[in-house]
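Here is a note for a colleague who is opening this structure for the first time. The points below may be read alongside the model, one by one.

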Amino acid sequence: MNKTKIIAVANQKGGVGKSTTVYNLGAGLAMNGKKVLLVDVDPQGDLTKMLGKRKPQEIPITLSNCLNDIVTGAYKKDHPEILRHHEGFSFVPANNTLSAIEVSLVNVMSRETVLRQYIDGIKNDYDYVLLDCRPSLGMLVINALSAADTVLIPVQADYLAAENMTELVSTVQQIKRQINPKLKIGGVFMTMANETNFRKDIVSSVKENFGKYLPIFDTVIPSTVRLAEVSTADKSIFKHDPNGRAAKAYKELVKEVEGIYDKKRKRSVDIGR
């Protein structure tokens with residue numbers, strides 16, 4: 001069996017398209033025949049809502065139940081929390097009860113690896129596990145980075161936003177050094193780009209300034225009305241607007257993400273110890 005690829009999509013800044021990216025990346029990988037699991041690691045439950053569960057509070061079993069079971073040592077053979085999406089992938093929902101779990105983790109032994117323990121118990125059924133992180137650098141994000149082998153960083157197509165990556169990169173380096181030596185940054189990519197961004201200048205400027213120590217993807221995700229509609233359309237961009245610019249961009253992103261794991265192409269960067 002191929003080794004499961006576990007990817008965290010993270011940026012401590014909100015509004016950069018993390019949940020939208022996890023949804024469309026997961027759908028794109030599933031279209032390519034991959035077995036995919038999306039895990040909502042954000043108490044706001046934005047990904048869960050996008051996937052058709054408009055009222056996350058009414059879902060009986062979510063990620064917070066699973067993490068609580070790990071903490072209390074309750075071993076579960078079945079996994080009713082894993083739901084099936086009509087586009088061919090599975091997902092684990094979240095709601096705001098996850099906030100209470102995050103607070104309680106502070107007093108738990110091995111608190112940084114509770115999510116990893118959960119993922120280790122289910123990952124063998126999947127080719128890819130995608131973790132949608134909340135916009136912070138708190139305990140849930142640290143858990144996600146500790147569970148992942150790769151982190152993807154979506155950045156708004158704005159040079160100042162790109163400069164703000166340094167804090168996240170520092171956190172990734174610290175987790176790699178202290179908790180998860182296999183963690184690598186798979187790629188940074190621009191999101192929410194429009195024609196007035198002078199986006200080619202921004203991308204070339206980001207590559208010039210960060211490309212020496214970070215892999216910058218060629219893909220730029222445009223800001224389109226159709227992509228914005230995905231949050232309430234109950235379908236990915238590939239179903240909602242298959243011939244549009246955003247769908248083409250996400251297809252390119254899927255290729256670049258698959259390329260991270262292609263031994264012939266060293267896309268991920270070892271960020272040191």
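1. A charge is taken to sit over a ring if NZ of Lys or CZ of Arg is within 6 Å of the ring centre and within 35 degrees of the ring normal. By that rule, lysine 5 lies over the face of tyrosine 128, at 5.6 Å from the ring centre, and lysine 5 also lies over the face of tyrosine 261, at 5.7 Å from the ring centre.

2. A word on the basis of these values: the model is a predicted one, in which local features need pLDDT of at least 70 and side-chain atom pairs count only at pLDDT 80 or more, while totals for chains, interfaces and linings use all residues. Residues are numbered from 1 along each chain as its sequence is written, and side-chain values use heavy atoms, with hydrogens and water left out.

3. Helices (H or I, at least four residues) and strands (E, at least two) are DSSP runs, numbered from the N terminus, and two strands are said to pair if DSSP finds at least two bridges between them. On these terms there is an open sheet of 8 strands, with mixed pairing and the order β3-β4-β2-β5-β1-β6-β7-β8. The edges are taken by β3 (83-84) and β8, each of which has a single partner strand, so one side of each is left without a neighbour in the sheet.

4. Within the sheet, strand β1 (residues 5-9) pairs with β5 in the parallel sense over 5 bridges, and the bridge partner of lysine 5 in β5 is tyrosine 128. Strand β2 likewise pairs with β5 in the parallel sense, over 6 bridges, with cysteine 133 of β5 as the bridge partner of valine 41. A further 3 bridges join β2 to strand β4 (residues 90-92), and these two strands run parallel; here serine 90 in β4 is the bridge partner of leucine 37.

5. Helix α4 (residues 97-105) has Leu98, Ile101, Glu102 and Leu105 as buried residues. They cover an arc of only 100° around the axis (the arc of the directions from the helix axis to the C-beta atoms), which puts them on the same side of α4. An α-helix has 3.6 residues a turn, so residues three or four places apart point the same way.

6. Rings of Phe, Tyr and Trp (its six-membered ring) pair if their centres lie within 6.5 Å; planes under 30 degrees apart count as stacked, over 60 as edge-to-face and the rest as tilted. The structure holds 4 such aromatic pairs. In one of them, the rings of tyrosine 128 and tyrosine 261 have their centres 6.1 Å apart and their planes at 80°, so the pair is edge-to-face. Because tyrosine 128 lies in strand β5 (residues 128-133) and tyrosine 261 in the segment after α12, the pair ties together parts that are 133 residues apart in sequence. At 2% relative accessibility tyrosine 128 counts as buried, whereas tyrosine 261, at 24%, counts as partly exposed.

7. Phenylalanine 189 and phenylalanine 217 form a stacked aromatic pair, 6.3 Å centre to centre with 20° between the planes. This pair links strand β7 (residues 184-193), which holds phenylalanine 189, to strand β8 (residues 216-222), which holds phenylalanine 217, and the two residues are 28 residues apart. Phenylalanine 189 is buried, with a relative accessible area of 0%, and phenylalanine 217 also counts as buried, at 1%.

Methods: Buried < 20%, exposed > 50% of the residue type's maximum accessible area, 1.4 Å probe, protein only.
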